[in-house]
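Reader: Can you take me through this model? I'd like to go piece by piece.

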Amino acid sequence: MSVDVQERRRFTAALLGENAAPPPSDPSPQVVRGVALHITAHMLTVATLKGEERFLFERTTSFWRGRDVGPEDVRVGDDVLVRCGGGGRWVVDRLWAQLGRVTGTIVSADGGTVVVDPGHGRPRAAAVIPYRSSGRMAVRHPVLEPGYLFDAVGVREGGTVHTTVPVTTQPPHPAVRTARRPPARRVPEAQSGIVTWYDPAFGRAAHTDPRAHAAGAAYPALDPGSDCGPACDRSDPCLPLPLLSLGATVAVRNDDTGVGGVFPVLNCASAASRFCDRCREGSGGAGGRLAELTLPAFTALGGRPEAGCFTATMEAG
Amino acid sequence: MTPAELIQIQPPLVALLLLLGAAAKAVDRTGGGGPVSLLPDVLQRPAAVATALLEAVLAVALLVAAAPVGAAAGWAAAALFAASAALLAVVRRRDPKMSCGCFGGLSTEPVGWRTIARAAVLAVAAVGAAVAGGSGLQALVGLTGAQAVVGAAELGVLAALSPELREAALRTLGRESCAVRRVPVRRTLSRLRTSDVWRANQVVVDGTEPVDVWRHGCWRLMRFTGRRNGRPVDAVFAVELRGRRPRVRAAVSDAETMVTLAVLGEVAEEGGAPLPRTTGGAPQATGTVVPTVPPAAPAPAQGAGEDGEDPEDGEDRGGPRVPRARAGAQASGTSAGISGGNGAGASRASSSDR
């Protein structure tokens, strides 16, 4: 069975109305991802899908590489995500280097290394918990045993992610013991919860891989009858999210910044379906994960990738 | 009637609750939740099974055995319920999202004061069963009106303290919103094939299996390839996932030019200008309909025309909002079709909203 997600949206809009399948927002020109080619105290050259692009730093520009650093700590060859300020595409407001994230169910843990299953369709990921962040991690993730959930942000180094910040507080029971969602008689048109980010390119070839630049979403409630398929290992999310397929579009608004956008569903967010958490730094009290946005989409809505999430309102279906 | 006689209703009542709990736990595959979640992982499933067995044994003993065995079962049940109440309070403090597991998979709501209060009420009832002296079956055989009233009142209190009842009702009656309900593709296909819309447009479609199937909340959409006037087309059907006679819509699009030829019974002029498009490139309905039966009466107001709704189905209309012009066209019963030949030859409904 062929899947043409753009055609799906076109037909859905034709049959159910434009409100049901609004066209995706244009990618934000202020968010750029690529590979750092040259960096000085005042300027950055990045290889992107468009070729080489140059950006300027100003005194207020901030840099992140596992922690807040200076421009001298960003290395040539780093996978960089740049958010520009001032309404243009010239001056860097904030730069993140070698962002990585490990989200899912722990498969094995050996010393300071944790192997995590992110759900079907994504390869297993290894997280290394360095000594300097082990205290923070132990507070939020006290049980590093198979079956327990894990979600942390860190720096990608040599195929693993060196964790720096736990994104969530681990539930005190294995993922399979999570209570089922009560039956939902009504599904609200707009739902509040949290939105996280994921990287469909896994930090590789950020200058050539279109997945690294895509502005889209992974959705935790893909229809098991069509897209999720026989290998589907997602759970029922704790929020009553309408069942959708790849190609649907969801409207997401960051409740903290008020910035919103419409994003196509590109992947299944199997791991997100197992979490029923709140955002540590968010303003709202809503729990449960609505979607995972790609890094450019998450950043374009004002999200801070190092925080891992923001509270949001989503309209879907 | 003396209190000693009224208390005779307690053994069958407590046995009933124990049996229900044991049965629900036995069929629950997760085996988690409630006090057993306080145990190490490897012990949780065995502990859940052991609890279900214990409840079943106590229930049978309360039903068939008089004192002293029945009394001992009553005291054991009282201890079980009292311990459950205390442990549920611990669970609630440790993990506020954890379910009580009292009725297996039906207990999905987090442990609350209602659940703890229910365990306490049952502990008191079990003490009554212990001191009653007779077996549960004896009490049922000699049931008096006063005992029935007391039993019904007690069951009412327990029902009020049981969030599982609402869940059981929703599951049994299938009242979960169609937007989140899992529906097999085969069932949707069979609903489509029995619809007027399918029969009217079948001539356009090649083959019987869709080349693409996707879900959009309360709707499932299916794309078929076909030919119209010798040109390859895509015929897309949308089937609503509620009721036995769901609404069905259809659209035909030129596979090469991607011009939408017909939407919701609209038939585009052959060779005419393409339908207007949005900034995203999606075709917009023109609101033009080719009627074959003049509407006898003015179209009902929107809302009344939210038509075809399963009378048993009182849930929210979770589907996307339909623009007023379209909804009106549907509600009026306008019959227009996607013709397999000339576009003007529309003859059958392509939007079935019964």
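**Strands, helices and contacts**

Author: This is a predicted model. In strand E3 of chain A, A:Leu56 is the bridge partner of A:Met43.

Reader: Which way do E2(A) and E3(A) pair, and over how many bridges?
Author: Strand E2 (residues 43-48) of chain A pairs with E3(A) in the antiparallel sense, over six bridges.

Reader: And what joins E2(A) to E3(A)?
Author: A hairpin, through two residues.

Reader: How many residues of E3(A) are buried?
Author: Zero of the six residues in strand E3 (residues 51-56) of chain A, so to speak of cover, the strand has hardly any.

Reader: Switching to domains. How is chain A divided?
Author: Domain 1 takes 5-25 + 187-316, domain 2 takes 31-97 and domain 3 takes 100-176.

Reader: What separates the centres of domain 2 and domain 3 of chain A?
Author: 27 Å, taken over C-alpha atoms. Four residues from domain 2 of chain A and five residues from domain 3 of chain A make up the contact.

Reader: What classes are on the domain 2 side?
Author: Where domain 2 of chain A touches domain 3 of chain A, its side has three charged residues, one polar and no nonpolar.

Reader: Now the two chains. How many residues does the contact take from each?
Author: Chain A gives 45 residues and chain B gives 55 residues. By class, the chain A side that touches chain B has 24 nonpolar, 11 polar and 10 charged residues.

Reader: On to chain B. What is the reach of helix H7?
Author: Helix H7 (residues 145-160) of chain B has 16 residues and reaches 23 Å from first C-alpha to last, close to the expected 22 Å.

Reader: Which residues of H7(B) are buried?
Author: B:Gln147, B:Val150 and B:Gly151. These residues are on the same side of H7(B) because they cover an arc of only 100° around the axis. The buried residues of H7(B) pack against helix H1 (3-6) and helix H2 (10-26) of chain B.

Reader: What about the face turned away?
Author: That face of H7(B) carries exposed residues, including B:Gly145, B:Ala148, B:Val149 and B:Ala160.

Reader: Last one, H9(B). Which residues are buried there?
Author: In helix H9 (residues 185-193) of chain B, B:Thr188, B:Arg191 and B:Leu192 are buried. They fall within an arc of 100° seen down the axis, so they line one face of H9(B).

Reader: What do they pack against, and what is on the face turned away?
Author: The buried residues of H9(B) pack against helix H10 (196-201), strand E2 (219-228), strand E3 (231-240) and strand E4 (248-254) of chain B. The face turned away from the buried side carries the exposed residues B:Arg186 and B:Ser190.

Conventions:
Residues numbered from 1 in each chain as written. Chains lettered and ligands numbered in written order. Predicted model: local features only at pLDDT ≥ 70, side-chain atom pairs only at ≥ 80, totals over all residues. Helix = DSSP H or I, 4+ residues; strand = E, 2+ residues; numbered from the N terminus. Expected span 1.5 Å × (residues − 1). Buried ≥ 20, exposed ≤ 12 C-beta atoms within 10 Å, placed from the backbone. Arc of directions from axis to C-beta. Contact = placed C-beta atoms within 7 Å. Domains from an automatic or database assignment. Nonpolar A, V, L, I, M, F, W, Y, C, P; charged D, E, K, R; others polar. Pairing = 2+ DSSP bridges.
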